[in-house]
Amino acid sequence: GGIPMGVIATENRTVENVKPADPADLTASEAVIQEAGCVWFPNSAYKTAQAINDFRTEDLPLIIFANWRGFSGGQRDMFDEVLKYGSLIVDAFVKFQQPVFVYIPPHAEIRGGAWVVLDASINESVMEMYATADSARGGVLEANGAASVKYRAKDMLATMHRLDEKLKKLDAELQERVCEVERQEVLDSIKEREQALLPVYEQVAVQFCELHDTPGRMQAVGVIERAVEWKESRSYFYWRLRRKLAEFDLRKKLLETYQVGRGETITPVEASKVIKGWFLETPGATNALWNDDKAVLSWIAQQSQTLEAKIVKLNRENVVQEVFEVMTAGGNTAKIGTAGIIEGIAQALLTMSPEDQAHVRAMIGKSLNI
């Protein structure tokens, strides 16, 4: 759409990392290391962090097409400080001030440590996460790992005996048998039935765990903003980015108004809530309409003069409140503050033209009735 933007994508192929031999060491030899795709190694993690910082320096928004299964955890990688370089990614996100979109493309997934460093809560004022409907997956543990931890073999056996009719009959028959030979025959039948059912129950358990990693579930728990189909993603992110850039520009002006003096300050998230409140004050505006990027972008453009007036009014109120607090503080603080304010006005008048000086004196006289 003609908007400059940074892009980070995953290397999905296996690559070779060649470490040349040390010329000063006669016993050294070249090392060729195979690095799997969709995994952050020390060098690629550092490269990612460096790219994010470069985009921040250029003041560019950022989109990340995420398909990482985590960080490499081998002993060599630990010696090469993979954890340190992973933390650099988090540090880079914390400092980022432009919109960041993390998008999980079709058939991609975010797992393990990758989920931790890409979590939108790292910098919720600028980061948003999205996923392709149906085929994208996200979660710290993969479905197989979650099933093996949360639904062990003993739990599957208990479920089998609770649900399977044949096992229920065998359990009842076992209670009726008194002869050890007959009991052993029933136990063997139970064991055989359990072994036949175990693969099916394992698949069901894995499928159940995978349901927790779907875009629908991720949206329900607030991890992603919404599911975005791949074919609609270009149009959606174009309008989303335009809306965010306009909103961030307005938010920046709003934050600057609270930098006057020592008064109350607000966070970027709180500033966005203030803007949302202004939007909802508009006749016909609703919470549902706030999620419509085109509607919000149109509102910012149409109400630009009104919004500027609101910011000017808020800035004036903050200045008035600061002066009032200084002059009514009591004791030496009030005396020194009042003298400082008067001296500051006097020095500012010396830098103005005669017309501006006369205008300021008229304003002071009108306000003080003198």
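This is a predicted model: local features need pLDDT of at least 70, side-chain atom pairs count only at pLDDT 80 or more; totals for chains, interfaces and linings use all residues.
**View 1. Helices H1 and H3 pack side by side at an angle of about 15°.**
Let's start with H1 (residues 42-57) and H3 (residues 82-95), whose axes are 8 Å apart. The two helices are therefore roughly parallel to each other, and their crossing is left-handed. On the H1 side, the contact is formed by Pro-42, Ala-45, Tyr-46, Thr-48, Ala-49, Ile-52, Asn-53 and Arg-56. Facing them from H3 are Val-82, Tyr-85, Gly-86, Leu-88, Ile-89, Ala-92, Phe-93 and Lys-95. Sorted by class, this contact of H1 with H3 comprises 11 nonpolar, 3 polar and 2 charged residues.

Setting aside neighbours within four places in sequence, Phe-65 touches Val-7, Ile-8, Ala-9 and Thr-10, along with Tyr-103, Pro-105 and Trp-230. Tyr-130 can also be found in this view: 65 residues separate Phe-65 from Tyr-130 in sequence, while their C-alpha atoms are 9.8 Å apart in space.

**View 2. Helices H14 and H15 cross at roughly 135°.**
Finally, we turn to H14 (residues 304-327) and H15 (residues 331-350), with axes that come within 7 Å. H14 contributes Val-323, Val-326 and Met-327 to the contact, and H15 contributes Thr-333, Ala-334, Gly-337, Thr-338 and Ile-341. Among the residues of this contact of H14 with H15, 5 are nonpolar, 3 are polar and none is charged.

Conventions
Residues are numbered from 1 along each chain as its sequence is written. Side-chain values use heavy atoms; hydrogens and water are left out. Axes are lines fitted to C-alpha atoms, for helices over the stretch in contact, and angles run from 0 to 180 degrees between N-to-C directions. Helices (H or I, at least four residues) and strands (E, at least two) are DSSP runs, numbered from the N terminus. Angles under 35 degrees count as roughly parallel, over 145 as roughly antiparallel, 65 to 115 as roughly perpendicular and the rest as oblique. A crossing is left-handed if the near helix is turned anticlockwise from the far one by less than a right angle, and right-handed if clockwise. Contact means heavy atoms within 4.5 Å. Ala, Val, Leu, Ile, Met, Phe, Trp, Tyr, Cys and Pro count as nonpolar, Asp, Glu, Lys and Arg as charged, and the others, Gly among them, as polar.
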